[in-house]
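Please read the report below alongside the sequence and the model.

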Amino acid sequence: MCDGYRVTSSASTGWQTGNSPRGACGSCAQCSKGCSFSVTDPSGFPNTSGRDGNVSKDGRSLVGSNVRGGTHAASVDGGRGPRFPRQPRWSLRVTAVVIPTVATGPSQHPEHQLEQAYVTRAYELLDKGLASVEQTYQSYEEGNRATATALRRALEILRNSRGSGQLVFGRVDQDGEPLYIGRRRVHDESKNLVVASWHAPAARVFYEATTQDPCGLQLKRVFSEQDRVLSRVVDEITAAAAADVSDEELDGPTPISDALLSELDRSRDGAMREVVATIQAEQFRIIRAARDQVLVVQGGPGTGKTVVGLHRAAWLAFNDEALRRAGILVVAPSTAFLAYMSGVLPSLDASDILQVDLSSLYAGEATPAAVDAPEVARVKGSAAMAVVLQRALLARRGWGDEDLELSLGGGRAVVPSSRIRALVEDVSRRELPHNQARDVLRQALSAAAFAAYTEAQADAGRAVIATEPAIRRLSTFTNALDRMWPTFTAEELLRSLYGTQSWLVDASAGVLSADERAGLFREARASIADEPWTVDDLFCLDELSFLLNGEVRTYGHVVVDEAQDLSPMQARALARRCPEGSFTVLGDLAQATGPWIRDDWAELTDHLSGGTANVETLSIGYRVPGEVLELASRLLPLISPGLTAPRSVRAGAGAPTVHLDAMEPGEDRALELAQQDVESGMTTAIVVPDSSYGGLLASYRQVDESIGDGGSGDFGQPLTVVPASVVKGLEFDSVVLLHPTELARSSIDGQRQLYVAMTRCTQVLRLVDAEELPEGLDHLVPPRPVVAMAASVEAACADLEVALDERSLEPDRDPLTELIAQLDQDDRRLVENLVRRLLQGGIRDTLF
Ligand SMILES: Nc1ncnc2c1ncn2[C@@H]1O[C@H](COP(=O)(O)OP(=O)(O)OP(=O)(O)O)[C@@H](O)[C@H]1O
């Protein structure tokens, strides 16, 4: 148990020039609840900003008080100022590491010191191993390059192992034998195992044992550690406690461990981290599931789908030699998401696993520069498009009714048109990639021409002088081949298809409607580079490129995240890269946005593999506080009636707050709330509808230029403004959601975007709007006080009376209808509003 916190170290990082001001120091005053610390930038620049504390009045120090464990940062940004006029821009980050201090006395585990000694020894062995590899590396560097590369790689792995995360996080005792589990294997000088790595078969029981089912363990002990110092030792399973488990406990949910809770309490810093120490039993089952299948991991927001997918990739790579050779590919939905999660695999010593964003799968020359309208994106992403593309390519092959005549010196070769058509058909039947098939046709055609030539020469009694290779070099021959079997790049073919009505009509007959076809048509631009390629075009190009060349880098296993949004064409691109059909598909049908909202995973997995898919569900939410999840799940009946929300382990962590004000601009209120949350140490995002993003970011940055924009996936600023379409998969301590009503109504999938945006916070969610909230959340709109309502009714009646006096009513019409007809738009809205509020407030009877 810990009894407080202390600053253990401070450091400065992030220099961009050698001449920038430097230096930092940390100090602390220990207290029983939290720690006070200050980090000082001695450069004297009064523009220090801090993440976890308040900047002192002179702007030189970041002072935090009552902070909990973690790394706390201050940063100063400067540029060409009076002090360094010729310096480029620079920045200094100062960090102070605050760790829990270890309680001594009755609350400490009786074997704390023994376990500390074991952990210290494990670190020493690791250090020794590192030092010896380093030494060997130096002696080899000049010599054999391959050995040097291998050693460099080993060094990197060792450094990673030492640098981040806990080396040893637990121990299990089975049959009286203790086994220590950690992030990597450690052995002693005699090769005796000191720490088993988390993915070794022996470590399985550490994750699978629970108090209800201890799996034969006498002890499961869990360590919390920072900077090599154990802060806590907890026995999660003991033989005595296991014997005591009651029937109700056996049937109930698995209790949540302290280690997990304290891990979840950590402040977020804009990047995902590995969780090997706290993987839960339901997650571990998925991590180590067989890979000979399409495994769908369905789970509500924050159930750990991404972490499970990444740990599964690392686990498979470690345990499956053949797979390691075949390669594993991890696909993120966007570059922003890739940046957010890409640190996890290296920290699990799995840097060899390739991680890419979906759009980067296509390696050709096109880059997306435009966005398709949703109905066009739906056509381009549909499986029908694969038929259109294939037909467009096949239609380019063929031959008419003329014979092919070739002049060869004094001789001639004539290949009859019927023979050419037969050759083309024969090669087509082989279903080879287009370009490879062209080579086969070229050979067959030149052989036919040569045979015709030799026959003609024999008939004329002339000698055979020309050769078959000479025939293939004739321009008449190549031109004819180009006509019957043209060559093009995928870009050239797709651009010609989009730009040629007759091609589109032929290729899409029976598979696209006239409207769908019309959506594809566009005039070709001056150059291919100028074409407004879209993301969905890339997958058409990928399909064409495969039809043309038949080549693509393949992998033994593919993990794909946020898969609920994949189009069939994107699924086909993935299927090409994994011919064995071994997939881990991560997603949540309720969070689907864009043109591919579905109720059933089979609609997607059918495009990934011919076999059936196995769907596993994650049911525990690790990110979102219970009350926030409860509120967000009121949207589920509107978007995915068949799905239930996960059970949050963060019960009572924080209730959402609602800020409605028709008078004050929500933009200002959102910034104010966000800044308050930043000041209290929370990494915060203001999530806004896409249409307001650019304008709001610019105006917020006039107030505070350090506000992040989430560009290039950088979410490490204390405060970031994020468009709703980008926030999927990410998380922040606090989320201020501006204009949820507009977001919900802005598009067909607006309610889904709202659901996603509401489920990004680990601590607080704040909803900021004018006077109403969207369907599902409208119960949160406070009824207006009766007195205020009565006052506004009175004022409105007075206004209406004035309006009545000023306008002449026709005597033979119903006065109310007549009045309403004469009202201008504002007055009519006023009346409608009044009626609505009166009905909501239930005071109609009182007043009328
Ligand atoms: N076993 C665990 N131990 C510690 N933290 C965990 C564990 N499982 C999940 N988390 C944390 O919960 C958060 C949510 O995890 P993750 O992003 O993987 O969820 P997700 O299901 O992919 O979310 P989304 O539906 O939003 O995409 C992350 O901060 C992750 O580190």
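Six strands make up an open sheet with mixed pairing, in the order β11-β12-β10-β9-β13-β14. Strands here are DSSP E runs of at least two residues, and helices are H or I runs of at least four, both numbered from the N terminus. Two strands count as paired if DSSP finds at least two bridges between them. At the edges of the sheet stand β11 (186-187) and β14 (229-238); each has a single partner strand, so one side of each is left without a neighbour in the sheet. Two bridges join β11 to β12 (residues 193-197) in the antiparallel sense, and Val-186 has Val-195 in β12 as its bridge partner.

This is a predicted model, in which local features need pLDDT of at least 70 and side-chain atom pairs count only at pLDDT 80 or more, while totals for chains, interfaces and linings use all residues. Residues are numbered from 1 along each chain as its sequence is written.

| Pairing | Bridges | Residues standing opposite |
|---|---|---|
| β16 (residues 328-332) with β20 | four | Val-331 and Val-560 |
| β20 with β21 (residues 583-587) | three | Val-558 and Phe-583 |

From β20 the chain crosses through helix α22 (residues 568-577) to β21 in a right-handed β-α-β crossover; right-handed means that, with the strands pointing away from the viewer, the path from the first strand over the helix to the second runs clockwise. Both faces of β20 are covered, with His-557 and Val-559 buried on one side and Val-558 and Val-560 buried on the other. A residue is buried if 20 or more other C-beta atoms, placed from the backbone, lie within 10 Å of its own.

The ligand is surrounded by 22 residues, and the closest are Thr-278, Gly-304, Lys-305, Thr-306 and Tyr-622. A residue belongs to this shell if its C-beta atom, placed from the backbone, lies within 6 Å of the molecule. Helices α6 (258-265) and α8 (305-319) are the elements that give two or more residues to the shell.

A nonpolar core is a set of buried Ala, Val, Leu, Ile, Met, Phe, Trp, Tyr and Cys residues joined through C-beta atoms within 7 Å. The largest has 153 residues, and Ala-313, Ile-686, Val-687 and Leu-737 have the most contacts inside it. Helix α8 gives the largest share of this core, eight residues. Apart from it lies another core of 22 residues, including Ala-413 and Trp-485.

Terms used: Buried ≥ 20, exposed ≤ 12 C-beta atoms within 10 Å, placed from the backbone.
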